[in-house]
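Please look over the sequence and the structure below, and then work through the briefing that follows. The points are grouped by topic.

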Amino acid sequence: MTRVFSGIQPTGDLHLGNYLGALVNWVAMQDDRDCTYCIVDLHAVTVEYDPTALRQRTIEMATNLLAVGVDPQRATLFVQSHLGDVHGEATWLLNCVTGFGELRKQPQFKEKADRIEAGDLEGQVSVGLFDYPVLQTADIILYHAEEVPVGEDQRHHVELARNIAQRFNHRFCPEDAPLFTLPQAIHPAAAARVMDLQEPTNRMSKSASSPKGVVGLLDEPARLAKKIRSAVTDSGTDVRYDRQEKAGISNLLEVLSAATGREIADLEREYGDRGYGVFKSAVAEAVVELLRPVQERHAELAGDPGEVERILADGAARAREVSSVTLAEAKDAMGFWAG
Ligand code: TYM
């Protein structure tokens with residue numbers, strides 16, 4: 001069975017970008033693949049954060065993921081810091097086969113560091129922020145993942161993981177017995193990069209300046225529909241896909257395509273000249289329907305936090321069985337004396 005790994009930070013509520021860009025694939029892949037999913041709390045402390053909120057958000061994220069459809073019977077779900085010894089040690093080993101220059105040019109690092117330096121994000125540019133992609137590499141390759149379902153913004157991180165894995169294999173393993181599998185990013189056909197509804201040239205993100213541009217998975221249907229109907233578009237009237245000239249409309253076309261499974265060309269034919277109002281209402285309705293079952297399941301699960309905790313403890317034990325073996329093999333390959 002194809003092995004899959006992915007992760008998500010426990011920072012705030014899930015939004016439509018997380019859902020369409022990554023989580024829809026997380027859920028679909030459980031049907032025929034060996035999936036491991038992780039709430040990456042060690043990644044969440046690389047920028048300024050609130051320690052009290054972190055604990056709460058971790059359990060909330062687990063509840064949200066289960067509501068979305070992550071199924072503990074078919075996939076392993078765990079919290080990264082529960083295996084901090086394994087992931088942390090693996091990160092150190094991988095640090096030593098990673099180039100400083102390679103990390104310095106990572107687009108996400110550059111973007112966050114620039115925002116911190118400009119005073120737009122709080123805190124300092126930490127060594128943890130710099131090293132973030134190596135921890136992510138450890139996450140992925142400890143589980144020998146072949147496929148990594150993520151949004152477009154994570155493409156460079158997965159490419160880096162592939163390069164580091166390849167370098168490790170080349171340096172420390174016989175040619176016919178590489179230790180690490182080379183991972184590949186898997187993006188959805190549409191909505192791999194969902195944009196902010198108010199600023200459609202920026203990616204929808206938890207740290208957006210206004211909540212109006214971000215569709216929360218648990219937003220009440222009326223609120224959610226209103227956000228979509230108030231999405232910023234252009235001054236034209238035709239519903240046509242053009243990321244340069246019509247960023248807002250193109251974003252909504254991608255969302256509608258992902259929500260309904262219909263081709264963008266087909267949607268352009270249907271809504272092309274019916275005006276933005278009709279089109280936006282159709283998008284709003286499709287998203288409300290898409291999220292309805294998620295919201296219903298969330299309401300059921302939120303009443304039983306003990307069950308969520310049990311699922312995470314079981315997930316951590318299962319994840320440890322795999323990753324601790326890989327770590328021991330990596331140490332052996334690197335020549336550490338086991339004593
Ligand atoms: P994170 O927590 O920022 O986001 C979780 C997932 O949601 C996707 N995503 C989007 N997709 C489309 N449009 C958007 N606007 C949008 N916003 C977020 C992200 O691409 C991601 O798939 N570094 C990762 C977490 C991570 C990880 C890993 C992922 C840690 N270790 C190992 C894969 C494998 C992150 O911060 O994702």
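Leaving aside residues up to four places away in sequence, T58 touches P10, I39, D41 and V79, where contact means heavy atoms within 4.5 Å. This is a predicted model, in which local features need pLDDT of at least 70 and side-chain atom pairs count only at pLDDT 80 or more, while totals for chains, interfaces and linings use all residues. Residues are numbered from 1 along each chain as its sequence is written, and side-chain values use heavy atoms, with hydrogens and water left out.

- T58 is part of helix 3, which covers residues 51-68; helices here are DSSP runs (H or I, at least four residues), numbered from the N terminus.
- Because its relative accessible area is 10%, T58 counts as buried, a word that means under 20% relative accessible area, whereas exposed means over 50% and partly exposed lies in between (1.4 Å probe, protein chains only).

**Helix 1**

- The 14 residues of helix 1 (residues 16-29) should span 20 Å at 1.5 Å a residue, and this agrees with its end C-alpha atoms, which are 19 Å apart; the expected span is 1.5 Å times one less than the number of residues.
- Helix 1 has a kink of about 45° centred on A22, the bend at a residue being the angle between axes fitted to the seven residues ending there and the seven starting there.
- Helix 1 is mostly covered, since 11 of its 14 residues are buried, and among them are L16, Y19, A22, W26 and M29.

**Aromatic rings**

- The structure holds eight aromatic pairs, meaning rings of Phe, Tyr and Trp (its six-membered ring) whose centres lie within 6.5 Å, with planes under 30 degrees apart counted as stacked, over 60 as edge-to-face and the rest as tilted.
- The pair of F100 and F130 is tilted, because the ring centres are 4.9 Å apart and the planes are at 40°.
- This pair links distant parts of the chain, as F100 is in helix 5 (residues 100-104) and F130 is in helix 7 (residues 127-142), 30 residues apart.
- F100 counts as exposed because its relative accessibility is 55%, whereas F130, at 15%, counts as buried.
- The rings of F109 and F130 have centres 5.1 Å apart and planes at 80°, so this pair is edge-to-face.
- Because F109 lies in helix 6 (residues 107-117) and F130 in helix 7, the pair ties together parts that are 21 residues apart in sequence.
- F109 is buried, with a relative accessible area of 13%.
- Ring pairs also join F5, F78 and Y143 into a cluster.

Conventions: Helix = DSSP H or I, 4+ residues; strand = E, 2+ residues; numbered from the N terminus.
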